[in-house]
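Let's take a friendly walk through a protein model, one spot after another. Have a look at it first.

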Amino acid sequence: MDDELLAAGFETIAIHAGLEPDPLTGAVVPPLYLSSTFVQDGVGNLRAGDFEYGRSGNPTRAALETNLAALEGGRAGLAFSAGMAATDTLLRAVCRPGDHVVIPADAYGGTYRLIARVLGDWGVEHTSVDLTDPEATRAAIRPGVTRLVWCETPTNPMLTIADITMLAGLAHDAGALLAVDNTFASPYLQQPLSLGADAVVHSTTKYLGGHSDVVGGAVVVNDATLAEKLRFLQNAAGAVPGPFDCWLVLRGIRTLAVRMDRHCANARHIATALATHPAVGSVRYPGMPGHPGYGVAVKQMRDFGGMVSFTVRGGERAAIDLCGRTRLFTLAESLGGVESLIEHPASMTHASVADSPLAVPADLVRLSVGIESADDLAADLRAALDGVAAGGNG
């Protein structure tokens, strides 16, 4: 990629990095290469791109990986079959039996399950801690034993904001690396590598894909040695995305900036509306000045994202009732698509942490605010909340 493009604005990079027109036909959209193998001009004599077998590399995947690295301001991007495959590969690249990982006190349920129940059986220990507390985080890190501090910001589903620069300093002082799950923010809103992180992880299923039609993951790093370890594991374990999955993520990335602007504007509108409804207990949105992480979010994010969480008066029963009453907010797991989704984390996305210190409140509802009319979305929630408050059928 030329230096001129690297110096361009985010929107330009998203549309052009790794996406040069096809030199053979002039096609503006990069081709979808479905081949599982590639001809060699003699044994070991590979053609342009050094492609030999689909698990090891594919031109469509290579375009996506170039684009991902550019979006995060990194030197190497790697695409995976799912966000959890990306997470697993990074953890296995960095950790060995006997090592230690620090995770957020409100980590994503899938991440906790992987670290506690899969890597735990491999001999990797973990400590969950409030990453917004510098002293508690410093105390949780074991110098010489902790290999990785794992950060989500905003977290899922509590929308806690961690100071990436502060955490990078604490991790590096102890000889550990800092990895940031940047899924909720997307590269458009936040770029952790520029703030001191060593690795960035994404579920490309979410905002990067943006249309709820693909599952994928990504890791972006700057260090060449770490990138080499990741590429070895990517090929050795084979948790790679198919070419069409890569093509779909690339298509989504082209509109990431404009979609995120709308997601953020709609979420702000929804959070404000929820805060005034009598059936709502509390609202968690990083863009509200009363949010405990608001100051840090202002410092390290372009805007505050499309996710909103809130508690419902009446407890768990009322929260579950609400999730069945909305019409525009569809009851479903996942997030980051153009359509709005609603879910009950304690019994859906975070059921795996139900009996752990990371359990989420039973009265919590999580919204993935889409790009529909903000007024229509607010009216949908208002009607559902009114129905819950009245205790009638909806």
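A polar contact is a pair of N or O atoms within 3.5 Å; within protein, one must be able to donate a hydrogen and the other to accept it, and residues adjacent in sequence count only if both atoms are side-chain atoms. This is a predicted model, where local features need pLDDT of at least 70, side-chain atom pairs count only at pLDDT 80 or more, and totals for chains, interfaces and linings use all residues. Residues are numbered from 1 along each chain as its sequence is written, and side-chain values use heavy atoms, leaving out hydrogens and water.

Start with N58, in the loop between α2 (10-16) and α3 (59-72); helices (H or I, at least four residues) and strands (E, at least two) are DSSP runs, numbered from the N terminus. The N58 side chain reaches the backbone oxygen of Y33 at 2.9 Å, and one of its polar atoms lies 2.8 Å from the backbone nitrogen of T60. N58 counts as buried because its relative accessibility is 4% (buried is under 20% relative accessible area, exposed over 50%, partly exposed in between, with a 1.4 Å probe and protein chains only).

Prolines come next. The T153 to P154 peptide bond is cis, with omega near -5 degrees, and another cis bond joins N156 and P157, with omega about 10 degrees. P154 sits in the loop between β4 (146-152) and α7 (164-173), and P157 is also found in the loop between β4 and α7.
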